Amino acid sequence: MATLPLSRPDAPPASPQPPDIVQKLDAIWGERSDLRGWFSTVDHKTIGIRYIVTAFAFLLIGGVEALIMRIQLARPGATVLSPEQYNQLFSMHGVTMIFLYSLPMLSGFSNYLWPLMLGSRDMAYPRLNALSYWIFLASGLFLYISFPFGQAPNSGWFNYVPQAGRDQNPGMNIDIYALGLTFFGISTTVGSVNFIVTLLRMRAPGMSVNRLPILVWGTLTASVANIFAVPAVSLASVLLWLDRNAGTHFFDVSGGGQPMLWQHLFWLFGHPWVYALVLPAMGIVSDALPIHCRRPLVGYTPVAMATVATMVVGLGVWVHHMFAVGAPPLALSFFSAASFVIAIPSTVALFAWIGTIATGRVQVTTPFLFFAGFIMLFVIGGVSGVMTASVALDWQLTDTYFVVAHLHYVLLGINLFPVIGGIYHWFPKVTGRMMSERLGHWSFWTIFVGFNLAFFPMHVLGLYGMPRRVWTYPAGMGFDLPNAIISGGAFILAIGILLFLINVIKSATSGPRAGPDPWAGSTLEWSIPSPPPSFNFAVIPLLASRHPLWEDHLKKSEERTIFDSGFLLDEGKETLAVTPLDGQPSVILKMPGDSLLPGLLAAALFVFFVGLLVRSDWLSTTAGAAVAIVLVMWFQPTKQPQDQERVRVYA
Amino acid sequence: MPEARTIDDTLPIHGRGQVGTPWWGMLCLIATEGSIFAYLIFAYAYLGSQGLGSWPPNGPPDLKLAVPATLLLVGSSFVLEWGKRAANRGDRERGLFGVGAALLLGGAFVALELFEWSTKPFALPDNSYSSIYFMLTGTHLVHVVVGLFALLVLFIWTFDGRVQGAHVQHRALATLYWHFVDIVWLFVFTTIYLSPRLT
């Protein structure tokens, strides 16, 4: 397939924005500008930005925790931290990065981009969308209230029993972990439901499943997995809380309980979750990288199938986290083989990106640098993943720094690099302004060098035998130099993140104006003004291909996506729903207006969990009643439902 | 010059019948809640297969209360479905009767279950069997109570006219959730009461 010219010769076929219609739709869809409007908005774009900003704040908090640990570990025998402080720091670092940064950041991207990419005016459940954000924020605060009191979770992010049991851990630390994770799980679940139903219904006419952007495939796959996987960790947390507070014996051997049950339930969730943290990020690369290579993604269909296949296999390999706990040889062989299989779909995606770069006309923009850097880290993390999937090697490497290196390459490398590249890529769409390329290149190289200095030597440390989760180490074991390099690299990485942050703040206020389509992109979000209007699309587009904005360059067929006439839907807050598979117009949806209910429900749930934490029956019962009242108000019918409506079109 | 206009075609609002956007959301909720029960049953089987000694420690639990309770709960689903269909046709009285009868049958199930709990010779903290027994039946009981609450709200809204003949989707959601709660009970019943009798 031919590559595209470097810049678009003709003006992009943008959506029409007739002033009278824009004014009318904006009055219907716009937010109130007062304080009440701030708390009650259900606009997916506002919620998406809040998700991204909040998740980034947690990334900074988790990063500062890491830096403090790296000061402690920079030289042998240091005593900057006590062992207990170190336990809390590495536990909260893991919990923060895995739960409060990685997935919420990707949810933010998808919340913002899905309706714009799919040609819709909103997500399927706008109020549920707001609820998932407020619960994410409230559960993050819940997990962090304990920190100043020295009562933060202290048994690692996977929180193994019996270390996490009442006998060995009598404080409130683990109760905060158990309740906080259950609380957070509600946010993930309602968010996932929203994505799934949005995909089924909220697409522009003609947006059939083989025209979906890969980011949509990634988030959809992750959401389906979350629906089935999150209950495992929520249940495990509740059982642990009961073991600690009601004297049950689920994990406690003294009454017939099984510590291994925790590991099974945790990894039944935890393994699919690590794919939930990377598949949408890989989707960001699959959608944005081709634009900077001026050609469509190589192998769209194999990449989409690989996304789904990764998750399907990923749901069945949880035992590879448990090779060292003593499983039967048959189980070890099966789960080892299944884990190797994951390399196949990952490699399909990898070759698609490499092929796209090799056959494209590359423009070395900042987003391109981050995506190319991501591909390199993906290879290193993938190779060390194949190594740990081997039982014999895993027995040697378990609980050493090799595993720490691997998980940082896959989670931070496959999540953080696409996320920052994606922010550079979509920043002009969100703010209407370009980011500085000069500062962008600086931030990339600093982050890339810092990242590899910080995490590559960990492989070596692991092979030397340094265990993970130790607060210090003796001198003269070969650990000194690698640790010093790692700590230095961590600070360089932090400086790179700081440069990125400066770029964001500077560009948001004084960057050059971007226009609707600065990269000459291919997908629907680039057809509307930057920043997008409150209603997204004045006229719902009618799709004819996978690359609606590149049709003139790519093929000579007669079919063209129609932007300038079609469904108008301006009689109230409404949008179009389509049939799930082939995307034909089927229903007009009346969307709910702004509402305080999501915030109130999250607040009531917060009080409920605080009540459980301090074991106040009175508090949790009252809050539970408040939850019920808000739910009744949520579902309350307002009037006789309208049956059908004449369609308003713009033609 | 294009302009905005109304055409003669119409599209339904929110979908015809019960399958609207909320229906899909309820199916997702049921999938995720069903998973909770799948993991609970997994935990039951895991604790039973890994523990030492007999499982359950006191032999299979008695069916004397569980079988009638099962019949009440399954029966309530049929009554509710009958009432829902009548209400969808515009028969308000039968609709109210269906919801009311399901409320009573479900309430009776809760009463029987609580009574059975009180007759048990063991308590929650005794051992891993007692823990998982109360956890599995208790999680189901919480779902029944939530379902009863939804039915009660539906009853009141139907009674005072806020939910009327055309509010098909409100009835569909409450009914679907109630069917889910009842079907899950069959899995719980099979796990707790029938599986120990297989050996």
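This briefing covers the domains, the chain interface, the strand pairing and some local backbone features of a structure with chains A and B. The model is predicted. Chain A is assigned two domains, domain 1 (38–527) and domain 2 (595–636). Chain A and chain B bury about 4,900 Å² between them, and β1 of chain B belongs to a sheet with two strands of chain A. Over all chains, the structure holds 16 salt bridges.

**Domains of chain A**

- The C-alpha centres of domain 1 and domain 2 of chain A are 29 Å apart.
- Contact between the two domains of chain A involves 21 residues of domain 1 and 15 residues of domain 2.
- About 1,700 Å² is buried between domain 1 and domain 2 of chain A, and carbon and sulfur atoms give 80% of that area.
- Between these two domains of chain A there are 0 salt bridges, while 3 residue pairs are in polar contact, both residues being at pLDDT 80 or more.
- On the side of domain 1 of chain A that touches domain 2, at least two residues come from each of α2 (35–40), α5 (126–145), α6 (173–201) and α7 (214–245) of chain A.
- The largest share of that side of domain 1 of chain A is supplied by α5(A), with 9 residues.
- By class, the side of domain 1 of chain A that touches domain 2 has 16 nonpolar, 3 polar and 2 charged residues.

**Interface of chain A and chain B**

- The size of an interface is often expressed as the accessible area that is lost when the parts come together.
- For chain A and chain B the buried area is about 4,900 Å², with 68% given by carbon and sulfur atoms.
- In this interface, 60 residues of chain A are in contact with 50 residues of chain B.
- The interface of chain A and chain B has 0 salt bridges, but 11 residue pairs are in polar contact across it, both residues at pLDDT 80 or more.
- The elements of chain A that each supply at least two residues of the side touching chain B are α6, α7, α8 (259–276), β3 (585–590), α20 (617–635) and β4 (644–650).
- Of the elements on that side of chain A, α7(A) gives the most, with 9 residues.
- The residues of chain A on the side that touches chain B divide into 39 nonpolar, 14 polar and 7 charged.

**Strand pairing between the chains**

- Strands of a sheet pair through backbone hydrogen bonds, in a parallel or antiparallel sense.
- β4(A) and strand β1 (residues 4–12) of chain B run antiparallel and are joined by 6 bridges.
- Along this pairing, A:Gln644 is opposite B:Pro12, and A:Glu645 is opposite B:Leu11.
- These strands belong to an open sheet of 3 strands in the order β1(A)-β4(A)-β1(B), with antiparallel pairing.
- The edge strands of the sheet are β1 (566–567) of chain A and β1 of chain B, each of which pairs on one side only.

**Hairpin in chain A**

- Strand β2 (residues 574–578) of chain A pairs with β3(A) in the antiparallel sense over 5 bridges.
- In this pairing, A:Glu574 is opposite A:Lys590 of β3(A).
- β2(A) and β3(A) form a hairpin with 6 residues between them, and A:Gly583 in the turn has a positive phi of about 70 degrees.

**A salt bridge within chain A**

- A:Arg648 and A:Asp570 form a salt bridge through their side chains, at 2.9 Å from N to O.
- A:Arg648 is in strand β4 of chain A and A:Asp570 is in the loop between β1 and β2 of chain A, so the pair ties together parts that are 78 residues apart in sequence.

**Local backbone features**

- A cis peptide bond runs from A:Ser530 to A:Pro531, with omega near -15 degrees.
- A:Pro531 is in the loop between α17 (480–510) and α18 (551–554) of chain A.
- In chain B, the peptide bond from B:Trp55 to B:Pro56 is cis, with omega near -5 degrees.
- The loop between α1 (21–50) and α2 (66–88) of chain B contains B:Pro56.
- A:Arg469 is not a glycine, yet has a positive phi of about 60 degrees.
- A:Arg469 lies in the loop between α16 (437–464) and α17 of chain A.

Terms used:
Residues numbered from 1 in each chain as written. Chains lettered and ligands numbered in written order. Heavy atoms only, no water. Domains from an automatic or database assignment. Contact = heavy atoms within 4.5 Å. Buried area = accessible area lost by both parts, 1.4 Å probe. Salt bridge = Lys/Arg side-chain N within 4 Å of Asp/Glu carboxyl O. Polar contact = N/O pair within 3.5 Å; in protein donor to acceptor, adjacent residues only side chain to side chain. Helix = DSSP H or I, 4+ residues; strand = E, 2+ residues; numbered from the N terminus. Nonpolar A, V, L, I, M, F, W, Y, C, P; charged D, E, K, R; others polar. Pairing = 2+ DSSP bridges.
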